[in-house]
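Subject: Two-chain model for you

Hello,

Here is the model we talked about handing over. Please open it first, then read my notes below.

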Amino acid sequence: MATPIESQPLNEELVAQLRQMASEGAPLERLVDHVQGSLGFAKSFTVPVFPYFCRAFKLPLREVLPLREWIVDRDDREVEDLRAKIREFHVKLTPHTQESPCLLGEKVR
Amino acid sequence: MSVAPLMEFGYHHPSQKGAIAGELDILGVVTFVVFAEPDSPVRGTELFNRMMIAFGDDAKAIQGVWRKGSLPSINTDKVNELTGKGASIDNAVRHAWTVTRARKLGFAKVSVIHQDGSPGNFQKIDVLIER
């Protein structure tokens with residue numbers, strides 16, 4: 001039976017882990033590996049990884065997309081901006097930051 | 001400071017042979033990435049169409065962020081193929097995968113908003129596809 005194509009929710013625990021790891025200085029490669037490993041994905045299966053970075057670091061998808069080539073090419077110049085934004089996120093993070101309650105596929109307005 | 005997207009859409013097939021991730025920003029611009037192996041049980045076009053249906057009339061435009069790395073890039077490869085034969089980039093993008101799928105959904109106006117490279121060898125192309 002075919003799987004219906006509907007938006008799937010993110011694992012919020014994994015989102016929190018990603019933030020925690022980044023705040024502890026984990027390199028980008030470990031962050032990607034952690035998402036893929038936790039979800040049981042092959043290293044070549046990268047698309048579902050991107051929404052986790054968007055959610056964890058509150059970044060638009062277009063700013064996360066350089067990961068798509070970096071995962072294969074490891075050209076660090078392409079992800080310098082992304083690394084900086086992940087660092088900035090933790091600098092700006094305050095104890096009052098609230099997590100968005102939205103799930104993938106739900107409107108947040 | 002980043003603004004939360006209006007809506008997000010993410011789906012991966014259990015076979016790990018097909019997936020899509022997309023978002024609709026507050027201006028109605030869709031950004032997405034799609035992947036489908038040749039033997040995927042779900043086609044990239046179907047994933048794209050499902051995402052666009054979910055976004056509905058709130059989607060006013062689609063931004064293509066096309067990059068050429070080591071892996072094949074269906075959009076950039078098509079543009080490079082056509083511009084390598086003499087087509088202009090503005091004409092070539094009309095034949096790219098995303099643009100042809102978007103056109104069927106009523107997004108017919110295409111603009112190249114950024115390019116990096118030369119005819120036959122573009123590395124980065126950003127397009128905006130509007131209704």
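This is a predicted model: local features need pLDDT of at least 70, side-chain atom pairs count only at pLDDT 80 or more; totals for chains, interfaces and linings use all residues.

Residues are numbered from 1 along each chain as its sequence is written, chains are lettered from A and ligands numbered from 1 in the order in which they are written, and side-chain values use heavy atoms, with hydrogens and water left out.

**A salt-bridge network**

Start with A:Glu12 and A:Arg55. Their closest N and O atoms are 2.4 Å apart, in a salt bridge. A:Glu12 sits in helix α1 (residues 12-23) of chain A and A:Arg55 in helix α3 (residues 50-57) of chain A, so the pair ties together parts 43 residues apart in sequence. Helices (H or I, at least four residues) and strands (E, at least two) are DSSP runs, numbered from the N terminus.

Burial differs across the pair. I use buried for under 20% relative accessible area, exposed for over 50%, and partly exposed in between (1.4 Å probe, protein chains only). A:Glu12 counts as partly exposed because its relative accessibility is 30%. A:Arg55 counts as buried because its value is 5%.

A:Arg55 has another partner, B:Glu8, in a salt bridge at 3.2 Å, N to O. This pair crosses between chains, from strand β1 of chain B to helix α3 of chain A. Both B:Glu8 and A:Arg55 are buried.

Now the pair B:Lys124 and A:Glu78. Their side chains meet in a salt bridge at 3.4 Å, N to O. It also crosses between chains: B:Lys124 is in strand β6 of chain B, and A:Glu78 is in the loop between α5 (66-73) and α6 (80-92) of chain A. B:Lys124 counts as partly exposed, at 22% relative accessibility. A:Glu78 counts as partly exposed too, at 32%. As for the network, shared partners join A:Glu12, A:Arg55 and B:Glu8 into one.

**The interface**

How many residues does each chain bring to the contact? Chain B gives 38 and chain A gives 35, with contact meaning heavy atoms within 4.5 Å. About 3000 Å² is buried between the chains, 59% of it on carbon and sulfur atoms. Buried area here is the accessible area (1.4 Å probe) that two parts lose on being put together, summed over both.

Three salt bridges run between chain B and chain A. On the chain B side, the elements giving two or more residues are β1 (7-12), β2 (18-24), β3 (29-36), α1 (44-55) and β4. By class, that side has 18 nonpolar, eleven polar and nine charged residues. Ala, Val, Leu, Ile, Met, Phe, Trp, Tyr, Cys and Pro count as nonpolar, Asp, Glu, Lys and Arg as charged, and the others, Gly among them, as polar.

**Strands in chain B**

Strand β6 (residues 121-130) of chain B runs antiparallel to β4 (residues 61-67), joined by seven bridges. Nine bridges join β6(B) to β5 (residues 109-118), again antiparallel. Strands pair if DSSP finds at least two bridges between them.

B:Ile125 in β6(B) is the bridge partner of B:Trp66. B:Ile125 is also the bridge partner of B:Gln115. The hairpin of β5(B) and β6(B) has two residues between the strands, and B:Gly120 there takes a positive phi near 90 degrees.

Best wishes

Terms used
A salt bridge is a side-chain nitrogen of Lys or Arg within 4 Å of a carboxyl oxygen of Asp or Glu.
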